[in-house]
Amino acid sequence: MGAFVNALDQEPWRFIISFLVIVVLTLNTAAILTLAERKVAGYIQLRYGPNRTGFRGILQPAADVIKLFVKENVAPGKADRWVFLAAPIAMFVPAAVIWMVVPFAPKAVVTNLNIGLLFVVSTTSIGALGVIMAGYGSHSNFSLLGALRGAAQMISYEVPLILSLLGTIILTGSLSLSDVVDKQAGGFWHWYIWSQLPMFAVFYIASIAEVKRVPFDLPEGESEIVGGYQIEYSGMTWAMIQASEFASMGLMSAITVTLFLGGWQPPFEFLDLGNFDWIWFGLKTALVMFTLQWVRWSVPRFRMDQLMDLGWKVLVPLSLVWLLVTAAGTLIVG
């Protein structure tokens, strides 16, 4: 038995098993977040939300999955079928792959890349390709308009998103996510959210735009383009798009915790849980995800010009100024 376990801990079996665990984790995170989203919306709007399937509606995600499995996948007659079907996969894969470099706890990371931050930024950019494929492959005016909106939004907000990471890289001196967390050890006053508060705000807002959630949901715009790039999808292809969006929301929350909120580090050293520090990571990530849901159901949608103004006239200059402040402070203090 011991030899079998040791064999599974060697490459390539360790990598394969870890990847499968990550895929299952991503799908389950998406399912849990769909229920949490509807519950939070219900409480904010003074209604119950899902409450008929299982205890207090806890089995609603399972019922939704069964319903979407048995629904027919319909594609427009003039659609470019291969591009149309590949688009949901192109959106889901980046959201799942990035989890492989996220450290959940000490030594609890699938691949501890020394260029982890570069990997996150470059892989996140692939998501825009999936949106464009969905809009182009559907051969629909609404889909194409939504895809163009999505591409413009995601590419524009990648600039402040990347700039907001540079302050953390300067302070850490490394591109490894594990090194970033290690540098924030010693209590909550060592977390980068305090010294990088403007960068945290920029990263948080840019993250919402990257995952296309309200108030930056212009690519979908139900009241204008009735769903945008995903209007022609149904059944499991539509479910995969939804899963990728919710998985991206969980992923950006986890990256936020890793970069600015100490990752798995406890708020006080005497609360260190050792091998169970992943509990701190989970609690912090859940808190950030809740704030994203809170924002969605509390803030109205921006117009396209307001979206671009916020990105290029506010977030980019703010991140550049604070980047200079961080660099100057590092040179002076050492």
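Helices here are DSSP runs of H or I with at least four residues, and strands are runs of E with at least two, both numbered from the N terminus. This is a predicted model, in which local features need pLDDT of at least 70 and side-chain atom pairs count only at pLDDT 80 or more, while totals for chains, interfaces and linings use all residues. Residues are numbered from 1 along each chain as its sequence is written, and side-chain values use heavy atoms, with hydrogens and water left out.

**First stop: a glycine in a helix**

Select Gly-146, which lies in helix α7. Its relative accessibility is 0%, so Gly-146 counts as buried; the cut-offs are under 20% relative accessible area for buried and over 50% for exposed, with partly exposed in between, using a 1.4 Å probe and protein chains only.

**Second stop: a pair of helices**

Two packed helices are described by the angle between their axes and the distance between the axes. Select α4 (residues 81–97) together with α6 (residues 126–137), which pack at an angle of about 160° with their axes 8 Å apart. Because of that angle, α4 is roughly antiparallel to α6; under 35 degrees counts as roughly parallel, over 145 as roughly antiparallel, 65 to 115 as roughly perpendicular and the rest as oblique. The axes are lines fitted to C-alpha atoms, for helices over the stretch in contact, and the angles run from 0 to 180 degrees between N-to-C directions. The crossing of α4 and α6 is left-handed, a term for a near helix turned anticlockwise from the far one by less than a right angle, with clockwise being right-handed.

Arg-56 is a residue other than glycine with a positive phi, near 55°, and at 58% relative accessibility Arg-56 counts as exposed. Then move to Lys-212, in the loop between α10 (197–210) and α11 (222–225). Lys-212 also is not a glycine and has a positive phi, of about 60°, but at 8% relative accessibility Lys-212 counts as buried.

**Fourth stop: the pockets**

On a 1 Å grid over the protein atoms alone, a cavity is a set of points where a 1.4 Å probe fits but cannot get out, whereas a pocket is an open set with protein on both sides within 12 Å along at least five of seven lines, and lining residues have an atom within 4 Å of a point. Grid points are joined across faces, edges and corners, and a volume is the space filled by probe spheres set on the points.

The largest pocket holds about 930 Å³ of space. To find its centre, select Thr-34, Ala-239, Gln-242, Ala-243 and Phe-246, the closest to that centre of the 31 residues in the lining. The helix that gives the most to this lining is α12, with eight residues. By class, the lining has 16 nonpolar, four polar and eleven charged residues, where Ala, Val, Leu, Ile, Met, Phe, Trp, Tyr, Cys and Pro count as nonpolar, Asp, Glu, Lys and Arg as charged, and the others, Gly among them, as polar.

The second largest pocket has a volume of about 300 Å³, and of its 13 lining residues, Leu-25, Thr-29, Trp-99, Gly-282 and Thr-285 lie nearest the centre. Both α2 and α13 (278–296) give two or more residues to this lining, and the largest share, six residues, comes from α13. Nine of the lining residues of the second largest pocket are nonpolar and four are polar, with no charged residue.

**Last stop: the cavities**

How many cavities of 30 Å³ or more are there? The count comes to two. The largest cavity has a volume of about 210 Å³, and Thr-124, Gly-127, Met-154, Glu-210 and Ser-248 are the closest to its centre among the 17 residues that line it. Here α12 gives the most to the lining, with five residues.

The second largest cavity holds about 50 Å³ of space; its lining includes Leu-117, Thr-124, Phe-203 and Met-252. The most residues in this lining, four, come from α5, and by class the lining of the second largest cavity has nine nonpolar, one polar and no charged residues.
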